[in-house]
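Work through the exercises below with the sequence and the model at hand. Each task is followed by its solution.

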Amino acid sequence: MSNDKDQSSFSKYGLYTVNENLELTLPETMIKFERIGENAFSYFRQDSEGKIIEKMIPATSNELKIELAPIRPLNHPARRTGYVFLKFDKEIYLSQSSAASIFVHCPIEIGIFLIRDTKRESLDWVTCNPTNSRFGLYGSPDTGTLCKYAEVSLATDFSDSIPYVEGVMKIIVENNLNSGQTVSKVIFPITDNSLYYDDSKSVLDGIKVTLKKRAVVSVADVQTDVVSTDWTKSPTWEASTSNTTMEMGLE
Amino acid sequence: MSPIEFLQGLSEMEIIGGLTVLSLLLGGIIMAAGIIVAKITKILFFKYYAPTLPQDTAKNFGKIIYFGIIAISFFIFSSSQGFDFSGLLVAGGIFAVVIGFATQSVVSNLISGIFLMIEKPAKHGDTIQIPDMGISGSLLDIGTFSSRIRKFDGTVIRIPNEKFFTSNIRSLTASTVRRAEAMVGIAYKDDIENAISVIKNEIKLSMPFVLRIPEPEFRVEELGDSSVNIQVLVWHPRDDWSQAQPILLTVIKRALDKSGIEIPFPQRVVWDAKD
C-alpha cells in the first residue's frame, strides 16, 4: 500500500482526452496511450505482477476519450463468478430483534473504458492489490458457490475508502430472530451493486442482510441497497460481451 | 395422348405381382415427399427447438424425427399399394434370429446408447475420465451407437456405447471446485511447522487460483526412510486445473529452497559391526 504522498501522484478516476500521448499512473501499474497514426492510438499497460498488455485502437476521430473508473472485483485472476464472499475481521453480534448499520472496505478493480459518443466500451482492467484477489467457496465442493473472497475490515464512513484498492460499502444487518446472532461473513451476488467514484475514492451500493425464519430454518436474506450519493457512477464493465466467434482463412 | 390416358397406360403396365409403373411412380412421389418433409422438419427442429436442449439429446431427437417421418412415408406407400407383409413374417422371424445373432453387438451398443441418454452420466463438453480404458478428455457427444471423446492431446477417440455404459466414468467437471494434491519430503532435522508455514505463504502469494476457503490442507503422511513426507492439498475452481496441479510442486520446492529447508535424497545409514 502506498502512503498519502505517493497517492497524490497517481492519476485520479475520471474522464481523459488523448490527443497525442497520455500516461496514467496507478499503484504499481503504468498505463500509456500513444498516437501512432492519424486516427490510431496504441495502448500499453504494465501491472503490478509485471504482466504487459498492448493493444491498437483505431479511432473514429482525431482524439480518444477514455474514462478511468472503479469496477466490481470480479476479473482477477479470471472471471469465474458473480458472487463475493466478505469475511469480517471482527464478528458482529446482534441482539434479538435489533438492527445495525456498518461500513466495510470492499475490494475493487479499476476499469479503463473507451468513450464512443455516449457509450462506454470496456478496454481493459487492472487490480492494484493482486495478492488479495482470490477465490473462496461457500458451501460444499459439489453444490457450493464459488465466490471472490476477501477478508474485510470495518470502515468509519464513506470517505474511509482506500484509494485504488478498496471502496466502502454500507451493510445493514437486521436480526428478526428471537435470539442473539453473530455475523462473521456475508455472501452475495455483487453484479447488482453499482460503484461510484470521486477523485481516487470509491463507494459501492450497499446490502441489507435480514436474519429471519423461513418455516423452521433460520436464513439470511441479502438484498441490494442502492446508495444515495452525488459521486460519479462508474460504467458497468460486465455489460460488454467478448466476441467468441472466429472467421479466418482469407488471404 | 391426354394425361389421363397416359396415366391409364402406366397403370396397366405391370412390373411384377400386381406392381404397376404407376404405383411405383406414386410410391416414389410419396417417398420423395416424405424425405423432403423429414428434412424440413429436421431443419426447423434444429433451428427452433434444438438450442434449448442439450446437444446430444438434440442430435438424437433430430435423427429420430428424420428417420421416423421416412418410416411413416414408407408405411403410407406400402399400405396405399396394398402390400401384404404377412408372408414375410415367418421368413422374417427366422431372418431376425440370424440377424440378431450377427448384430448383437450393434443392438447392444444401440440399447446402451439409449440408456446413456436416459441416465446422462455426463453431458456434452464435460471433462471426463474413464479409468478402465485410461482415457481422459472432453465428451463431444453420445451418439446412437458410439460416443466420442476429445482427448487432451487433441485427438478424438470413439468408444462403443456398450463399453462406455459398462465402464466407470469419472466426471471432472461435476463439482464447483476440484482438489490438487502433491507430496513432498523434508529432512528430519527441519521443523515441520515451519515447512508448512512457508509452503502455505508461498501458495497464498503465487497461486491466484488456489482457494482461500477451504484453506490449503497439510498432512504429515509418513515418517519415511529418508524424509518426513507431507501431503499438500489445495482447492481450485474446476476449470483451472492447469493453474494448480502442474505448478503446485514447483511452488512448494521454491518455498522450501527460499527457507533453506532440505528435500533429502533417498539415503541409507550402514553401520559397520566393528564400530
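Two residues are in contact if their C-beta atoms, placed from the backbone, lie within 7 Å. This is a predicted model, in which local features need pLDDT of at least 70 and side-chain atom pairs count only at pLDDT 80 or more, while totals for chains, interfaces and linings use all residues. Residues are numbered from 1 along each chain as its sequence is written, and chains are lettered from A and ligands numbered from 1 in the order in which they are written.

**Exercise 1.** Determine how many residues of chain B are in contact with chain A, and classify them.

Solution. Step one: 13 residues of chain B touch 14 residues of chain A. Step two: sort the chain B side, with Ala, Val, Leu, Ile, Met, Phe, Trp, Tyr, Cys and Pro as nonpolar, Asp, Glu, Lys and Arg as charged, and the others, Gly among them, as polar. That side has 10 nonpolar residues, two polar and one charged.

**Exercise 2.** Describe how α2(B) and α3(B) pack.

Solution. Helices (H or I, at least four residues) and strands (E, at least two) are DSSP runs, numbered from the N terminus. Axes are lines fitted to C-alpha atoms, for helices over the stretch in contact, and angles run from 0 to 180 degrees between N-to-C directions. The axes of α2 (residues 21-49) and α3 (residues 55-80) of chain B come within 9 Å and cross at roughly 160°. Angles over 145 degrees count as roughly antiparallel, under 35 as roughly parallel, 65 to 115 as roughly perpendicular and the rest as oblique. The two helices are therefore roughly antiparallel. Residues making the contact include B:Gly27, B:Gly34 and B:Phe45 of α2(B) and B:Gly62, B:Ile69 and B:Phe77 of α3(B). By class, the contact holds 17 nonpolar residues, six polar and one charged.

**Exercise 3.** Is A:Thr17 buried or exposed, and which residues does it contact?

Solution. A residue is buried with 20 or more other C-beta atoms within 10 Å of its own, exposed with 12 or fewer, and partly exposed in between; C-beta atoms are placed from the backbone. A:Thr17, in strand β1 (residues 14-18) of chain A, has 10 C-beta neighbours inside 10 Å and so counts as exposed. Leaving aside neighbours within four places in sequence, A:Thr17 contacts A:Glu63 and A:Lys65. The C-alpha atoms of A:Thr17 and A:Glu63 are 6.8 Å apart, although 46 residues separate them along the chain.

**Exercise 4.** State what share of chain B is buried and what box its C-alpha atoms fill.

Solution. Buried residues are 17% of the 275 in chain B. Along the principal axes, the C-alpha atoms of chain B fill a box of roughly 120 × 50 × 25 Å.
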